[in-house]
Amino acid sequence: MSGDSSREDPAAQPRASSEPPRAPRPAWSEFRAALEGVGFRPSRQLGQNFLLDENAARAIARDAQVESGDFVLEVGPGCGFLSVHLAHAGVHLLAVEIDERLAPIAEDFLDPYPNARVVVADILESKHSLNASVLSDLPPEGAWHLVSNLPYSVSAPVLALCAGLECPPISMTVLIQDEVAQRLLAGPGTREWGPLTVGLLQSFIPERIRGLGPALFWPRPKVQSTVVRLTRRENLAPAEDRRFRSSFAARLLRQRRQSLARVLKDMFRSAEKAGQLLESRGIGGAVRADNLTPGDLWGLAEGARGLGWRPEES
Ligand code: SAM
């Protein structure tokens with residue numbers, strides 16, 4: 001396998017002293033044969049790029065900072081290349097795979113680990129909701145972690161929907177396309193700053209962990225990938241308030257380059273209310289919507305709610 005283009009070398013990470021060595025994974029050719037046996041061709045739509053590099057998969061399981069007894073949801077185990085390291089760490093693993101040809105391959109590979117369970121399901125019930133039956137299998141109070149090499153097609157909705165849960169997970173450690181990672185890590189005023197960033201920031205503190213080059217995957221993706229760890233904030237606002245703020249911010253950012261006075265006037269259909277809101281928050285009307293800090297956004301959202309703005313109105 002050719003070299004990793006990441007800034008950090010996954011192989012250089014020390015093995016946790018509590019983790020006994022695991023027998024090396026069977027050769028890729030064995031998995032290839034099993035995949036061919038079920039007529040598998042990787043689907044771009046399902047983001048089927050498997051992480052062949054064992055060191056990288058092990059490193060991601062460590063990046064997640066999960067411990068024996070923790071509960072982990074993995075979206076898209078594929079053949080189980082990341083799952084096996086999580087299972088080996090002793091977590092209770094629920095791995096949700098949409099492709100029924102892959103699930104038995106992952107199940108076979110994870111057979112030595114009774115703490116790992118693979119289910120065939122779509123993690124999304126719709127564009128706007130996570131699979132309710134999967135959610136009902138997770139511990140209450142968000143006492144679980146999401147760890148996943150997320151399929152590109154669903155990475156943004158899965159992260160946003162987890163962040164919008166009444167009790168979001170303790171952490172989310174995800175391997176995603178670099179372009180999505182940049183959106184999670186963006187600051188106000190940048191091109192990447194947008195509804196996804198703002199929504200997630202209410203519930204999580206994001207941190208870039210490492211980059212991974214295309215050569216570590218089969219088939220090779222056309223883009224770089226990045227591991228991001230999101231840690232749940234303490235003292236979260238109730239989910240309803242977080243959703244209201246997200247809707248307010250998303251509406252503002254639809255006219256991101258316009259002045260706040262203009263955008264708020266459109267939203268309230270009233271220049272007077274727009275002016276009243278800006279004055280109450282001490283923010284100038286000439287400020288551009290995408291230059292607001294999260295604190296200013298939340299303050300404006302509260303004020304807008306007090307003045308009767310509702311998401312469906314605009
Ligand atoms: N975890 C494996 C690895 O690292 O090698 C596979 C990761 S691959 C990027 C994404 C996996 O997610 C694929 O196995 C794909 O079939 C699965 N997948 C795609 N969409 C899904 C969905 N909506 N729900 C559950 N799994 C999905």
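Reader: Which side chain has an N or O atom 2.8 Å from a nitrogen atom of the ligand?

Author: The model is predicted. Among the residues that come nearest to the ligand are L51, G76 and E97, along with D122 and N149. The side chain that places an N or O atom 2.8 Å from a ligand nitrogen is that of D122.

Reader: How far from an oxygen atom of the ligand does a polar side-chain atom of E97 lie?

Author: E97 is one of the residues that come nearest to the ligand, out of 22 around it. The ligand atom in question is an oxygen, and the distance to the polar side-chain atom of E97 is 2.6 Å.

Reader: In which pocket does the ligand sit?

Author: A molecule is assigned to a pocket if more than half of its atoms lie within 2 Å of the grid points. By that criterion, the ligand sits in the largest pocket.

Reader: Which residues touch the most other members of the largest nonpolar core?

Author: This core holds 39 residues. Beyond its neighbours within four places in sequence, F50 is in contact with residues including W28, F40, L102 and W218. The residues touching the most other members are L35, F50, L51, I60, L86 and L212.

Note on methods:
Residues are numbered from 1 along each chain as its sequence is written. This is a predicted model: local features need pLDDT of at least 70, side-chain atom pairs count only at pLDDT 80 or more; totals for chains, interfaces and linings use all residues. Side-chain values use heavy atoms; hydrogens and water are left out. A nonpolar core is a set of buried Ala, Val, Leu, Ile, Met, Phe, Trp, Tyr and Cys residues joined through side-chain atoms within 4.5 Å. Buried means under 20% relative accessible area, exposed over 50%, partly exposed in between (1.4 Å probe, protein chains only). Contact means heavy atoms within 4.5 Å. A residue is near a molecule or strand if one of its heavy atoms lies within 4 Å of it. A polar contact is a pair of N or O atoms within 3.5 Å; within protein, one must be able to donate a hydrogen and the other to accept it, and residues adjacent in sequence count only if both atoms are side-chain atoms. On a 1 Å grid over the protein atoms alone, a cavity is a set of points where a 1.4 Å probe fits but cannot get out, and a pocket is an open set with protein on both sides within 12 Å along at least five of seven lines; lining residues have an atom within 4 Å of a point.
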